[in-house]
Amino acid sequence: MSYELPERPPLDDASQDQRYADFLAYFSADCERLHAYIYSLLPHHADADDVFQRCSLLLWKKFDTFDQEREFLSWACGVAFYEVKNFLRTAQRDRLQFSETLLDLLAEQRSDDLASVPDHLAALRLCVKKLTDHQQQLVWKAYGSATTVADLATATGRSAQTLYNQLATIRRKLAQCVQMRLAAAGEDA
């Protein structure tokens, strides 16, 4: 005995436009974090991009099932998790694949991490502003542009190892600053 779902009544143009606008508002607010979540579960960037594209379409198709009382990112990550599992099950071309247990663990960890990303970014922005102008320029040139450290060393007349050492010192300083800011914010909450 088969059971067929009843067809959904067609939406008028205004309802369809509003539905589309609602979806875009939710999706555009969280698409970068959703992509980062998918990327954290797949070892290859191209695979993550493929799954993200498929997941984006699936989210639109399933948007009628989204409960707007819930958080969109949480719902989208749930959909993405099953898309990743499906991808890994069908993608046999790579020998290196995550086990299902590891995938479950990574998904849970990454889901928790996503909630704290805005706080970390805000703290990092404030900490970067505390760096000297020279340190800010070095960080920007090393991480904010397509320049390699070797090219930067040649351009500045310094050794690459000197720049690596300076960048390591700056990263440690930024990490400590971010940790202190987050700890202080946690005490205030």
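Which residue does a disulfide join to C127? The partner is C177, with the two sulfur atoms 2.0 Å apart. A disulfide here is a pair of cysteine sulfur atoms within 2.5 Å.

This is a predicted model, in which local features need pLDDT of at least 70 and side-chain atom pairs count only at pLDDT 80 or more, while totals for chains, interfaces and linings use all residues. Residues are numbered from 1 along each chain as its sequence is written, and side-chain values use heavy atoms, with hydrogens and water left out.

## Overall make-up

The protein chain has 7 helices and 0 strands. Helices (H or I, at least four residues) and strands (E, at least two) are DSSP runs, numbered from the N terminus. Read from the N terminus, the order of elements is α-α-α-α-α-α-α. Of the 189 residues in the protein chain, 29% are buried. Buried means under 20% relative accessible area, exposed over 50%, and partly exposed in between, with a 1.4 Å probe and protein chains only. Among contacts with a separation of 6 or more, 64% are between residues 24 or more positions apart. Contact means heavy atoms within 4.5 Å.

## Cysteines

The torsion about the S-S bond of C127 and C177 is about -85 degrees, so the disulfide is left-handed.

C55 and C77 are a separate case. The closest cysteine sulfur to that of C55 is in C77, at 8.3 Å, which is too far for a bond. C77 is in no disulfide.

| Cysteine | Relative accessibility | Class |
|---|---|---|
| C55 | 0% | buried |
| C77 | 4% | buried |
| C127 | 2% | buried |
| C177 | 13% | buried |

## Charged side chains

Side chains of opposite charge can pair when their charged atoms come close. A salt bridge is a side-chain nitrogen of Lys or Arg within 4 Å of a carboxyl oxygen of Asp or Glu. The whole structure holds 1 salt bridge by this search. R33 forms a salt bridge with D30, and their closest N and O atoms are 2.6 Å apart. Both residues lie in helix α1 (residues 13–41), 3 residues apart, about one turn of the helix. R33 counts as partly exposed because its relative accessibility is 23%, whereas D30, at 9%, counts as buried.

E83, in helix α3, is buried yet has no salt bridge. The nearest side chain of opposite charge is that of R54, 4.3 Å away. For charge, Lys and Arg count as positive and Asp and Glu as negative, while His and the chain ends are not counted. Leaving aside neighbours within four places in sequence, E83 is in contact with V51, R54, C55 and L58.

## Nonpolar cores

A nonpolar core is a set of buried Ala, Val, Leu, Ile, Met, Phe, Trp, Tyr and Cys residues joined through side-chain atoms within 4.5 Å. The largest one has 28 residues, and L34, Y37, I38, L42, L59, F72 and V84 touch the most other members. Two or more residues come from each of α1, α2 (45–61), α3 (72–90) and α4. Helix α3 gives the most to this core, with 11 residues. Beyond its neighbours within four places in sequence, I38 is in contact with A48, V51, F52, C55, A80 and V84. Apart from this core lies another, of 15 residues, including C127, A153, L163 and I170.

V139 is found in helix α5 (residues 133–143) and is buried, with a relative accessible area of 15%. Its contacts, leaving aside neighbours within four places in sequence, are L131, G144, L167 and I170. V139 and R171 are 32 residues apart in sequence and 9.0 Å apart in space, C-alpha to C-alpha.

In helix α6 (residues 149–156), the buried residues are V149, L152 and A153. They cover an arc of only 100 degrees around the axis, which puts them on the same side of α6. The arc is that of the directions from the helix axis to the C-beta atoms. T154 and A155 are exposed on the other side of α6. Just after α6, G157 takes a positive phi of about 75 degrees.
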